[in-house]
Amino acid sequence: MILQALHALFTPVSLFAIFIGTTSGVIVGGMPGLTATMAVALLIPVTFALEPLTGLLLMGGVYCGAMYGGSIPAILLRTPGTPAAVATAIEGYPMTQQGKGGLALKISAVASFTGGTFSTLILLMIAPALATFALTFGPPEYFLLALLGLAGIVSMADDENRLVKALISGFIGLVLAVVGTDPISGMLRYTMGVTDLFDGIAFMPALIGMFSLSQMLELTGTKQVVDEAALATTKKFKREPLPKGISKSIWLGSLIGTVIGILPGEGATIAAFVSYNVAKRRSKNPQLFGKGSPEGIAAAEAGNNGCVGGSLVPTLTLGIPGNSVAAALLGGLLIHGLVPGPELFTTYGVMTYAFILSLFIANIIFLLLGLFMAPYFARISMTPTNMLIPVVCLFSVLGAYAMNNSITDVFISLLFGLAAIILQKTGFSLGALILGLILGPIAETGFAQALIIGHGSYSIFFTRPQALALWVIIILLLITPMIQIYKQSKQEKKEQTIG
Amino acid sequence: MRKVLLLAMAMALFFPLNALASYPEKPITIIVPSKAGGSTDTSARLFIKAAKKYWPKAEFVVKDVSGSGGLKGFEEIARAKPDGYTIGMVFTTQIVAHIVSKRAHYTLDSFHIIGNAMQDPLIVAVPENSPIKNLKDFIKSAKAKSMTAAVNGIGSDDFVAAKKFEQQTGVKFNLLPTKGSTEQKAMILGSHIDASFMNLSQLQAQHKAGKARIIAILADKRSEILPDVKTAAEQGYPVSMTATRGFVAPAGISKDIAAKLDDLLQKVNKDPGFIADTDKGVLFRLPMTGPEYLAYLKKLQAETQKFYDQNPW
């Protein structure tokens, strides 16, 4: 069957479809406001006119390409195209400022490739077994998974003072997440009668405002993104070797991304932050994190690309899409009469395996694209700001509108952009805020649903083995930075008394 | 001469007969109040494919306006200019549930109802390892202990179906609102809940594969794709509930255009190509004319109102 699939795959039309899909995916992912979900959904009517396989290959390519593409503007301009790339921006942008943007892009390409390939391999080999594992996760586990993601807030702070501010930022995010329809009772909360707010504050416009628009406002005072002193390094197209020690982060990220991706729900953001957090804990140079750590980029990018293959495991085997992109992809499968389930791997096996194998090719395409184009992409960071700012702002406003065809969203993103400037100037963490906003609803729904399933008893959070395992990971992730910060502040006090 | 010209212009303004004769002469936008790639979106696209056969010169554009349980899209249709160039899809029970909960800026009178095309009957499903095999077991065990049953949000078709069961049998479910069918599916397959009220299309493949069990279909007759599943009425509980997906236009649209659109939908509903396409995509047809669908919606609104008054959300 796999041989037949390969045969179907290595035709000029198929290869061309993968190539077009992946490149346009990279472009879509790179534009602020355009998402992979949107691109895949737009492709569905196009696939009517094509062979089902060709359509699937296009959609798969877009999915792979977009996840990687999101990292390019995150690194170069600190304007992440997707929430999953926020962690990448935290590390990548300082590297660009130091004139190492090209290197950061290369690391991102290699890490994305490894994460994507690893998870596709897992999808190919043991998809059905993993799907069973994914099903053991219920509402209590989703609540804890959201907590695990929120634990990442702690990793955004270095000392006691910043920790308090990061926690406050995260809390603001959680409070903003309250706006909208109560997931359990259906009551409206703080929507002020605006229909656009019934679903809560959409996080993509918020993300665009907080990162793209605020960053453009920030840049108005400078000539270009790269520091004057580092200009020369950016101009040189020399072949820099990848820094040592990042392979550990890449493998860590790939593994975490794949595992989290398998669980249905918005996985890529959680996966990127959890990998980033774990990589920081296990790094030999944790002091570099937040100031341009190659390990941080590697872990985050491997993590969010690991989700691609992972999210397709429950989509293809059970018909439960792992995230919104996979959901759109599922719609594309169904319209061609391909109903997920065991039949997909037997009756329609040739097509399914060809689709899975095409993801490998898509990964190779964006790797090559990323490696060869990195020095040229890096020059974007040298564009004079008087040309850069209008273009990025235009795309940002367009993207904020296009997400839900809503003008309210444009105002939301402008508001968040202004607020972000104030928060940033006063030392509050934007990453923590967006994390709270995205994970708040997941945590709330999980918590309330778990209590309903448990008939009101809190014991449901402590009696299930998966839940207990998650508790252990959360505590481990929280304890080490706490001790570090405590030690640091103690030392500082000592120095002060001596001084 | 000038007077004649003026008269002609006035005529053209007040009696746009020429424009009518050639309707449609520009693209018709179909507002789909859900996400691209979902079943309502798919229905609209299959409709367009078939409609082109009867109106070869017409152009159709799908505009997905998702959010707030369809409310955003429904409102956009109601607000649209009634010139025949913006029509839309509605789905139940959400279209009436928003009116009942006083959140909608529209009523059923805001629409010209073109008719219905699709449906997705409700089912009662239990995990594959559950001892419950039929509705009798189900009601018996619901009386014995509090059973957790998942529904898709408050006021949805699943919710109304569950409430109908409660009303008829006197049981009380531990209702678990979810974010949608994806979550319900995952919880049934992972045995996290005792039962789920959901749509047939969402679980039929899993039932066939033996990974979940559909114990009843809440329709008047059995489904062709799952002939082994008994209807609720056959098992002694006459509860019927389905999610319909129909077409509407904003109210105030001219009678001739309305008649043309009504006619088009009826033709598409009978089109062999359309029937074949929907079968392939596991979508279920429920053709209804405009007046039939309006009567259906009014009845559903009265029913939903009853549940809302007992327990508002």
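Modeller: In chain A, helix α14 (residues 294-318) packs with helix α15 (residues 324-335) at an angle of about 40°, and their axes are 10 Å apart; helices here are DSSP runs of H or I with at least four residues, numbered from the N terminus, while axes are lines fitted to C-alpha atoms over the stretch in contact, with angles running from 0 to 180 degrees between N-to-C directions. That angle makes α14(A) oblique to α15(A), because angles under 35 degrees count as roughly parallel, over 145 as roughly antiparallel, 65 to 115 as roughly perpendicular and the rest as oblique. The crossing of α14(A) and α15(A) is right-handed, the near helix being turned clockwise from the far one by less than a right angle.

On the side of α14(A), the contact is made by Ser311(A), Leu312(A) and Thr315(A), and α15(A) brings Ala326(A), Leu329(A) and Leu330(A), where contact requires C-beta atoms, placed from the backbone, to lie within 7 Å. By class, the residues of this contact between α14(A) and α15(A) are four nonpolar, two polar and no charged; Ala, Val, Leu, Ile, Met, Phe, Trp, Tyr, Cys and Pro count as nonpolar, Asp, Glu, Lys and Arg as charged, and the others, Gly among them, as polar.

The model is predicted, and local features need pLDDT of at least 70, side-chain atom pairs count only at pLDDT 80 or more, and totals for chains, interfaces and linings use all residues. Residues are numbered from 1 along each chain as its sequence is written, and chains are lettered from A and ligands numbered from 1 in the order in which they are written.

Notes
Helices (H or I, at least four residues) and strands (E, at least two) are DSSP runs, numbered from the N terminus. Two residues are in contact if their C-beta atoms, placed from the backbone, lie within 7 Å.
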